[in-house]
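User: Hi! I'm new to this one and would like a friendly tour. Could you start with how helices sit against each other?

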Amino acid sequence: MFTDPTSNLLTSGPYGLIFASFVPFFFDIPVSTWFRIFGVRFSNKSFIYLAGLQLLLSSWKRSLLPGICGILAGSLYRLNVFHIRKAKFPEFITSFFSRLSWPSIGNPPTTPARNLAGNVPSYTTRQVEAIASSAIEPSEDAVATLVSMGFDQNSARQALVHARNDINAATNILLEAQSH
(Lines give C-alpha, C1' and ligand atoms only; values in the text may rest on other atoms or scores of the structure.)
Protein backbone atom coordinates (compact mmCIF):
# COMPACT_ATOMS: atom_id res chain seq x y z
CA MET A 1 0.00 0.00 0.00
CA PHE A 2 2.54 2.58 1.16
CA THR A 3 6.10 2.40 -0.11
CA ASP A 4 9.16 4.12 1.20
CA PRO A 5 10.38 6.54 -1.52
CA THR A 6 13.99 6.26 -0.31
CA SER A 7 14.10 2.45 -0.50
CA ASN A 8 14.81 2.48 -4.22
CA LEU A 9 17.61 5.09 -4.35
CA LEU A 10 20.58 2.71 -4.13
CA THR A 11 21.01 -0.76 -5.49
CA SER A 12 21.83 -3.55 -3.08
CA GLY A 13 24.93 -5.68 -3.29
CA PRO A 14 28.69 -5.39 -2.89
CA TYR A 15 29.14 -2.58 -5.42
CA GLY A 16 31.52 -0.63 -3.18
CA LEU A 17 33.80 -3.61 -2.63
CA ILE A 18 33.79 -4.60 -6.28
CA PHE A 19 34.66 -1.14 -7.53
CA ALA A 20 37.22 -0.54 -4.78
CA SER A 21 39.06 -3.62 -6.10
CA PHE A 22 39.34 -2.03 -9.56
CA VAL A 23 41.88 0.49 -8.24
CA PRO A 24 44.62 -2.03 -7.27
CA PHE A 25 43.73 -4.06 -10.36
CA PHE A 26 44.43 -1.04 -12.55
CA PHE A 27 47.69 -0.04 -10.85
CA ASP A 28 49.20 -3.30 -9.63
CA ILE A 29 48.30 -6.03 -12.13
CA PRO A 30 50.49 -5.74 -15.21
CA VAL A 31 49.13 -6.06 -18.74
CA SER A 32 50.49 -9.25 -20.24
CA THR A 33 49.05 -9.21 -23.76
CA TRP A 34 47.73 -6.71 -26.26
CA PHE A 35 45.50 -7.54 -29.23
CA ARG A 36 43.31 -5.82 -31.80
CA ILE A 37 39.66 -6.33 -32.61
CA PHE A 38 38.41 -4.45 -35.66
CA GLY A 39 41.42 -2.16 -35.41
CA VAL A 40 40.80 -1.25 -31.75
CA ARG A 41 43.65 -2.11 -29.37
CA PHE A 42 42.72 -4.06 -26.21
CA SER A 43 44.67 -5.61 -23.35
CA ASN A 44 43.95 -8.76 -21.41
CA LYS A 45 42.47 -6.47 -18.73
CA SER A 46 40.01 -4.70 -21.08
CA PHE A 47 37.18 -7.19 -20.68
CA ILE A 48 37.32 -6.88 -16.89
CA TYR A 49 36.87 -3.12 -17.29
CA LEU A 50 33.99 -3.66 -19.72
CA ALA A 51 32.28 -6.00 -17.24
CA GLY A 52 32.77 -3.36 -14.54
CA LEU A 53 31.30 -0.68 -16.79
CA GLN A 54 28.30 -2.91 -17.48
CA LEU A 55 27.84 -3.46 -13.74
CA LEU A 56 28.20 0.26 -13.05
CA LEU A 57 25.57 1.17 -15.61
CA SER A 58 23.26 -1.83 -15.03
CA SER A 59 20.93 -0.01 -12.67
CA TRP A 60 22.05 3.40 -13.89
CA LYS A 61 21.26 5.95 -11.17
CA ARG A 62 20.99 3.36 -8.39
CA SER A 63 24.38 1.73 -9.09
CA LEU A 64 26.33 4.84 -10.07
CA LEU A 65 26.74 6.27 -6.56
CA PRO A 66 27.90 3.00 -4.89
CA GLY A 67 30.30 2.40 -7.78
CA ILE A 68 31.85 5.86 -7.55
CA CYS A 69 32.09 5.55 -3.75
CA GLY A 70 33.87 2.21 -4.18
CA ILE A 71 36.38 3.69 -6.63
CA LEU A 72 36.92 6.61 -4.25
CA ALA A 73 37.46 4.24 -1.29
CA GLY A 74 39.92 2.15 -3.33
CA SER A 75 41.80 5.30 -4.31
CA LEU A 76 41.99 6.52 -0.72
CA TYR A 77 43.36 3.13 0.32
CA ARG A 78 45.87 3.17 -2.54
CA LEU A 79 47.05 6.66 -1.54
CA ASN A 80 47.26 5.49 2.09
CA VAL A 81 45.17 8.42 3.33
CA PHE A 82 45.07 8.49 7.15
CA HIS A 83 47.63 5.63 7.14
CA ILE A 84 44.78 3.18 6.57
CA ARG A 85 47.14 0.41 5.46
CA LYS A 86 48.56 0.17 8.98
CA ALA A 87 45.12 -0.53 10.48
CA LYS A 88 44.90 -4.06 11.83
CA PHE A 89 41.96 -6.22 12.82
CA PRO A 90 41.91 -7.50 16.40
CA GLU A 91 43.43 -10.96 16.90
CA PHE A 92 40.12 -12.68 17.69
CA ILE A 93 38.64 -11.50 14.37
CA THR A 94 41.63 -12.63 12.29
CA SER A 95 41.78 -16.01 14.01
CA PHE A 96 38.05 -16.52 13.44
CA PHE A 97 38.29 -15.81 9.73
CA SER A 98 41.50 -17.80 9.31
CA ARG A 99 39.59 -20.87 10.53
CA LEU A 100 36.93 -20.25 7.89
CA SER A 101 39.37 -20.03 4.98
CA TRP A 102 39.32 -22.69 2.28
CA PRO A 103 42.12 -25.28 2.34
CA SER A 104 42.91 -24.59 -1.35
CA ILE A 105 43.97 -21.02 -0.54
CA GLY A 106 47.13 -22.33 1.06
CA ASN A 107 48.23 -23.08 4.54
CA PRO A 108 49.16 -19.97 6.48
CA PRO A 109 52.34 -20.20 8.47
CA THR A 110 51.40 -21.56 11.85
CA THR A 111 52.94 -20.48 15.10
CA PRO A 112 54.10 -23.25 17.37
CA ALA A 113 51.65 -24.22 20.09
CA ARG A 114 52.60 -23.36 23.63
CA ASN A 115 52.69 -26.00 26.33
CA LEU A 116 51.05 -25.60 29.73
CA ALA A 117 54.01 -23.69 31.12
CA GLY A 118 53.62 -21.15 28.31
CA ASN A 119 56.88 -22.08 26.60
CA VAL A 120 57.26 -22.73 22.90
CA PRO A 121 58.23 -26.40 22.46
CA SER A 122 61.79 -27.00 21.39
CA TYR A 123 62.61 -28.78 18.14
CA THR A 124 65.41 -31.19 17.48
CA THR A 125 68.14 -30.22 15.04
CA ARG A 126 66.73 -32.65 12.50
CA GLN A 127 63.26 -31.05 12.69
CA VAL A 128 64.74 -27.56 12.26
CA GLU A 129 66.76 -28.70 9.22
CA ALA A 130 63.64 -30.26 7.68
CA ILE A 131 61.67 -27.06 8.20
CA ALA A 132 64.49 -24.87 6.86
CA SER A 133 65.12 -27.02 3.79
CA SER A 134 61.45 -27.02 2.83
CA ALA A 135 61.29 -23.21 3.17
CA ILE A 136 64.52 -22.48 1.28
CA GLU A 137 63.87 -23.99 -2.12
CA PRO A 138 60.75 -22.78 -3.95
CA SER A 139 59.53 -24.90 -6.84
CA GLU A 140 60.56 -23.81 -10.32
CA ASP A 141 56.92 -23.96 -11.46
CA ALA A 142 55.94 -21.45 -8.78
CA VAL A 143 58.82 -19.15 -9.74
CA ALA A 144 57.85 -19.44 -13.42
CA THR A 145 54.24 -18.60 -12.59
CA LEU A 146 55.25 -15.40 -10.80
CA VAL A 147 57.71 -14.46 -13.56
CA SER A 148 54.91 -14.90 -16.13
CA MET A 149 52.90 -12.35 -14.11
CA GLY A 150 55.63 -9.77 -14.71
CA PHE A 151 57.78 -10.08 -11.58
CA ASP A 152 61.54 -10.58 -11.83
CA GLN A 153 62.93 -14.00 -11.00
CA ASN A 154 64.95 -13.06 -7.90
CA SER A 155 62.04 -11.19 -6.29
CA ALA A 156 59.69 -14.06 -7.10
CA ARG A 157 62.08 -16.59 -5.53
CA GLN A 158 62.52 -14.48 -2.37
CA ALA A 159 58.78 -13.93 -2.00
CA LEU A 160 58.14 -17.66 -2.36
CA VAL A 161 60.71 -18.44 0.31
CA HIS A 162 59.12 -15.87 2.61
CA ALA A 163 55.61 -17.20 1.86
CA ARG A 164 56.68 -20.85 2.27
CA ASN A 165 55.96 -21.66 -1.39
CA ASP A 166 52.39 -20.31 -1.29
CA ILE A 167 51.94 -18.60 -4.68
CA ASN A 168 48.97 -16.49 -3.52
CA ALA A 169 50.84 -15.19 -0.49
CA ALA A 170 53.97 -14.58 -2.57
CA THR A 171 51.92 -12.59 -5.10
CA ASN A 172 50.54 -10.46 -2.28
CA ILE A 173 54.06 -9.87 -0.96
CA LEU A 174 55.29 -8.79 -4.39
CA LEU A 175 52.30 -6.52 -5.04
CA GLU A 176 52.62 -4.91 -1.62
CA ALA A 177 56.34 -4.30 -2.27
CA GLN A 178 55.48 -2.59 -5.59
CA SER A 179 52.97 -0.24 -3.97
CA HIS A 180 55.54 1.19 -1.54
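Analyst: Happy to. One term to begin with: angles under 35 degrees count as roughly parallel, over 145 as roughly antiparallel, 65 to 115 as roughly perpendicular, and the rest as oblique. Please keep in mind that this is a predicted model.

User: At what angle do α3 and α4 cross?

Analyst: Helix α3 (residues 46–58) and helix α4 (residues 61–78) cross at roughly 130 degrees, and their axes come within 6 Å. α3 and α4 are therefore oblique to each other.

User: Which residues meet there, in α3 and α4?

Analyst: From α3 there are Leu55, Leu56, Leu57 and Ser58, and they meet Ser63, Leu64, Gly67 and Ile68 of α4. Sorted by class, this contact of α3 with α4 has 5 nonpolar and 3 polar residues, with no charged ones.

User: Okay, moving along the chain. How far apart are the axes of α7 and α8?

Analyst: The axes of helix α7 (residues 140–148) and helix α8 (residues 153–162) are 9 Å apart, and the two helices pack at an angle of about 125 degrees. That is why α7 and α8 count as oblique to each other.

User: Is the crossing of α7 and α8 left-handed or right-handed?

Analyst: Right-handed, as α7 passes α8. On the α7 side the contact has Glu140, Ala142, Val143, Leu146 and Val147, while α8 brings Gln153, Ala156, Arg157 and Leu160. The residues of this contact of α7 with α8 divide into 6 nonpolar, 1 polar and 2 charged.

User: What about α8 and α9?

Analyst: α8 packs with helix α9 (residues 167–179) at an angle of about 120 degrees, their axes being 8 Å apart. That makes α8 oblique to α9. Here too the crossing is right-handed.

User: And which residues of α8 and α9 meet?

Analyst: Ser155, Ala156, Ala159, Leu160 and His162 in α8 meet Ile167, Ala170, Ile173 and Leu174 in α9. This contact of α8 with α9 has 7 nonpolar and 2 polar residues, and no charged ones.

User: New topic: which residues does the "transmembrane region" annotation cover?

Analyst: The annotation comes from an unreviewed UniProt entry and covers residues 12–31. In the model, that span is 65% helix and 0% strand, and its end C-alpha atoms lie 32 Å apart.

User: Last one: where does pLDDT stay under 50?

Analyst: Over residues 104–120, for which the model has 13 contacts beyond four places in sequence. The chain as a whole averages a pLDDT of 78, and 75% of the residues score at least 70.

Key
Residues numbered from 1 in each chain as written. Predicted model: local features only at pLDDT ≥ 70, side-chain atom pairs only at ≥ 80, totals over all residues. Heavy atoms only, no water. UniProt positions renumbered as here; feature names shortened; annotations may be inferred. Helix = DSSP H or I, 4+ residues; strand = E, 2+ residues; numbered from the N terminus. pLDDT = per-residue confidence, 0-100. Contact = heavy atoms within 4.5 Å. Axes fitted to C-alpha atoms, helices over the stretch in contact; angles between N-to-C directions. Left-handed = near helix turned anticlockwise from the far one by under 90°. Nonpolar A, V, L, I, M, F, W, Y, C, P; charged D, E, K, R; others polar.
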